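Subject: Structure handover

Hello,

Here is the structure I said I would pass on. Please look through it first, then read the notes below.

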Amino acid sequence: MNGAHDLGGMHGFGPVEIERNEPTFHHEWERRAFAITLAAGFLGKWNIDMSRYAREQMPPAEYLAATYYERWLFGLEKLLDATGLVSRAELQSARKGGVTQAALPAAGVRVLAASDVEAVLRKSREAKVDEDIPPRFNVGDRVRTVNINPVGHTRLPRYARDKRGVVTVDHGVWVFPDTNGTGRGRNPQHCYSVSFEARELWGADAGPRDATYVDLWDDHLVPA
Amino acid sequence: MSQEHEPHHHHEHADDDVQEHREHGAPLTEVELRVRALESLLVDKGLVDPAALDAIIDTYETKVGPRNGAKVVAHAWVDPDYRRRLLEDGTAAVAEFGFVGRQSEKIVVVENTPKVHNMVVCTLCSCYPWAVLGLPPVWYKSAPYRSRAVIDPRGVLSEMGVNVPADTEVRVWDSTAEIRYLVLPERPAGTENMTEDQLAALVTRDSMIGVARVQA
């Protein structure tokens with residue numbers, strides 16, 4: 001979707017401000033928001049692409065005004081409601097100090113035990129697919145990205161749409177987030193690192209020696 | 001390392017934060033109430049184990065962080081064979097140190113040289129190689145960095161203290177997939193007699209994102 005999250009190339013946000021001696025978390029609530037998001041993800045009711053898509057649906061003005069973990073919280077509440085695990089009404093009631101009816105864990109969920117945390121965090125999620133699916137492109141191929149503007153999820157940023165690039169690395173077969181993020185299937189296909197000259201992306205004023213490398217899937221590319 | 005925190009310092013920082021509310025009787029903020037309500041609902045419903053939450057937090061505050069990446073970089077500087085393996089298959093070479101896990105399913109290491117300067121961004125969200133760098137700093141997730149890194153990389157680098165010569169190529173890696181990028185910074189001159197541990201102590205988080213040089 002053409003949301004506020006798709007920031008590449010926008011102007012006006014000012015300088016990059018670096019905080020010295022930055023802590024991992026700035027507030028206790030950030031620690032808890034981070035941890036409940038990871039633990040709830042383990043329940044198995046959604047995938048990481050759905051998590052990203054949920055955050056992207058924050059209204060643009062709110063998204064830009066929010067801090068990072070406020071966006072995570074927005075996404076988590078949305079997913080919990082959508083999957084029926086925690087409803088909006090329950091959240092409203094709990095915020096006002098309402099008492100929760102203790103319920104059994106919902107069917108079909110895996111609850112993360114403290115003793116399993118270390119092992120679970122040491123596992124990478126499995127977006128890489130071990131299937132022998134042929135690539136549509138070879139390293140060195142000249143390609144053009146498709147011009148798409150889906151209201152759903154996509155990992156093809158606006159600044160790199162309908163642009164000419166070169167396939168530089170074939171990363172193998174991966175889940176396709178554009179469909180996986182909206183529950184339309186894993187749709188495994190090759191993912192490549194595609195290089196775009198800065199002048200192709202940004203015009204004649206861009207650096208003649210500069211390039212941006214974007215990881216894109218077969219469905220984002222056509223032969224150039 | 002001045003720009004990174006001691007694991008115990010920020011515990012105090014945040015505990016102070018909570019303590020302050022209590023002592024001054026300040027009401028909890030809206031977001032604090034939201035998180036508290038959500039956590040208690042999830043716990044009451046048996047969907048999350050509070051001890052698991054503590055273990056998750058402890059992992060990223062005290063165990064996984066940029067010291068991991070610094071060890072990898074220093075080893076690559078002193079061992080040409082490891083450097084070759086690291087550039088060929090970053091995931092496997094990093095795993096030799098036991099650094100594996102979340103947000104690091106495939107790691108690609110890109111090497112800075114006098115001819116090529118690499119820097120890493122995630123314009124769409126905040127993708128970052130957790131297993132070697134820990135959780136990303138606020139500036140990496142911020143709108144200024146995400147918007148400008150691709151359209152004005154030299155301007156951003158210059159502001160951050162890195163002036164890239166005009167004839168050096170700048171490569172910006174936008175982490176749009178599950179591939180995570182780690183920059184192998186240039187080894188500074190004058191470090192020929194340093195041990196691997198001494199070298200690792202020089203390597204900063206920002207140099208492994210590609211927005212700082214390593215200073216001897």
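Chain B has 12 helices and four strands; helices (H or I, at least four residues) and strands (E, at least two) are DSSP runs, numbered from the N terminus. This is a predicted model, in which local features need pLDDT of at least 70, side-chain atom pairs count only at pLDDT 80 or more, and totals for chains, interfaces and linings use all residues. Residues are numbered from 1 along each chain as its sequence is written, while chains are lettered from A and ligands numbered from 1 in the order in which they are written.

Of the 216 residues in chain B, 51% are buried. A residue is called buried if 20 or more other C-beta atoms lie within 10 Å of its own, exposed if 12 or fewer, and partly exposed in between, with C-beta atoms placed from the backbone. Among the contacts in chain B with a separation of 6 or more, 73% are between residues 24 or more positions apart. Two residues are in contact if their C-beta atoms, placed from the backbone, lie within 7 Å.

Domains

The bounds here come from an automatic or database domain assignment. Chain B is divided into domain 1 (9-63) and domain 2 (66-209), and the C-alpha centres of these two domains of chain B are 31 Å apart. Chain A is given domain 1 (28-121) and domain 2 (142-223). In chain A the centres of domain 1 and domain 2, taken over C-alpha atoms, are separated by 30 Å. Six residues of domain 1 of chain A are in contact with five residues of domain 2 of chain A. On the domain 1 side, the touching residues are two nonpolar, one polar and three charged. For these classes, Ala, Val, Leu, Ile, Met, Phe, Trp, Tyr, Cys and Pro count as nonpolar, Asp, Glu, Lys and Arg as charged, and the others, Gly among them, as polar.

Where the chains meet

Between the chains, 77 residues of chain A are in contact with 74 residues of chain B. On the chain A side, at least two residues each come from α1 (28-41), α4 (68-82), α5 (88-95), α6 (117-121), β2 (164-174) and β4 (210-217). The largest share, 10 residues, is supplied by α1(A). By class, this side of chain A has 44 nonpolar, 12 polar and 21 charged residues.

Strands of a sheet pair through backbone hydrogen bonds, either parallel or antiparallel. Here two strands pair if DSSP finds at least two bridges between them. Seven strands form an open sheet with mixed pairing, in the order β5(A)-β1(A)-β2(A)-β3(A)-β4(A)-β3(B)-β2(B). Its edge strands, each pairing on one side only, are β5 (221-223) of chain A and β2 (116-121) of chain B. From one strand to the next, the twist averages 35°.

Within chain A, β1 (residues 142-145) pairs with β2(A) in the antiparallel sense over three bridges, and Val143(A) stands opposite Gly165(A). Six bridges join β2(A) to β3(A) (residues 189-197), also running antiparallel; there Val169(A) has Ser193(A) as its bridge partner.

Helix α9 (residues 143-151) of chain B lies across β4 of chain A and β2 and β3 of chain B, at about 150° to β2(B). Axes are lines fitted to C-alpha atoms, for helices over the stretch in contact, and angles run from 0 to 180 degrees between N-to-C directions.

The core

A nonpolar core is a set of buried Ala, Val, Leu, Ile, Met, Phe, Trp, Tyr and Cys residues joined through C-beta atoms within 7 Å. The largest such core has 114 residues, and those touching the most other members are Ile36(A), Ala39(A), Ala40(A), Ile56(B), Val73(B) and Met119(B). With eight residues, α1(A) gives the most to this core. Beyond its neighbours within four places in sequence, Met119(B) is in contact with residues including Ala149(B), Leu157(B), Val172(B) and Val211(B).

Lastly, Trp72(A) lies in helix α4 of chain A. Trp72(A) counts as buried because 21 other C-beta atoms lie within 10 Å. Apart from neighbours within four places in sequence, Trp72(A) is in contact with Ala33(A), Thr37(A) and Arg55(A).

Regards
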